[in-house]
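This briefing concerns the fold of a single chain. Please consult the sequence and the model shown below while reading.

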Amino acid sequence: MRDWRSGPQYDHRTLADLAGAGYRVRVVCTFCRHFSQLSPSHLRHLQPARYAWRTISPRLRCSVCGKKQVEVTAQAP
Ligand SMILES: [Zn+2]
């Protein structure tokens, strides 16, 4: 059974944590479904270092349609 505390709202890792573990951040536009994989280390300048990595999503904009409605997921190495 999945622990209820393992939900995304309890993921307190930072972008630096993901970068150090070799993760990639997959960003999907919920409007046009364009997606890209970004390096966490390249996103780190967009938010304070102590923030949970997922809070980056409102700061990202789709490069195709320009909407700011994206979903982010962490991809294990
Ligand atoms: Zn888009």
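Between strands E1 and E2 lies a hairpin with five residues between the strands, in which Arg33 takes a positive phi near 70°. The model is predicted: local features need pLDDT of at least 70, side-chain atom pairs count only at pLDDT 80 or more, and totals for chains, interfaces and linings use all residues. Residues are numbered from 1 along each chain as its sequence is written.

**Overall architecture**

- The chain has two helices and three strands; these are DSSP runs numbered from the N terminus, with helices (H or I) of at least four residues and strands (E) of at least two.
- Along the sequence, the elements follow the pattern α-β-β-α-β.
- Of the contacts in the chain with a separation of 6 or more, 61% are between residues 24 or more positions apart; a contact requires C-beta atoms, placed from the backbone, within 7 Å.

**The sheet**

- Three strands form an open sheet in the order E2-E1-E3, with antiparallel pairing; strands pair if DSSP finds at least two bridges between them.
- E2 and strand E3 (70-75) stand at the edges with a single partner strand each, so one side of each is left without a neighbour in the sheet.
- Direction ignored, neighbouring strands of this sheet are turned by 20° against each other on average, the axes being lines fitted to C-alpha atoms, with angles between N-to-C directions running from 0 to 180 degrees.
- E1 pairs with E2 (residues 35-38) over four bridges and with E3 over six bridges.
- Arg26 has Gln37 as its bridge partner in E2 and Thr73 as its bridge partner in E3.

**The nonpolar core**

- Buried residues make up 13% of the 77 residues in the chain; a residue is buried with 20 or more other C-beta atoms within 10 Å of its own, exposed with 12 or fewer, and partly exposed in between.
- The largest nonpolar core has nine residues: Leu15, Leu18, Val25, Val27, Cys29, Trp53, Ile56, Cys62 and Val70. Such a core is a set of buried Ala, Val, Leu, Ile, Met, Phe, Trp, Tyr and Cys residues joined through C-beta atoms within 7 Å.
- The largest share of this core, three residues, comes from E1.
- Leaving aside neighbours within four places in sequence, the contacts of Val70 include Val27, Cys29 and Cys62.

**Leu43**

- Leu43 lies in helix H2 (residues 40-43) and counts as partly exposed because it has 19 C-beta neighbours inside 10 Å.
- Beyond its neighbours within four places in sequence, Leu43 is in contact with Leu15, Val25, Leu38 and Ile56.

Technical notes
Contact = placed C-beta atoms within 7 Å.
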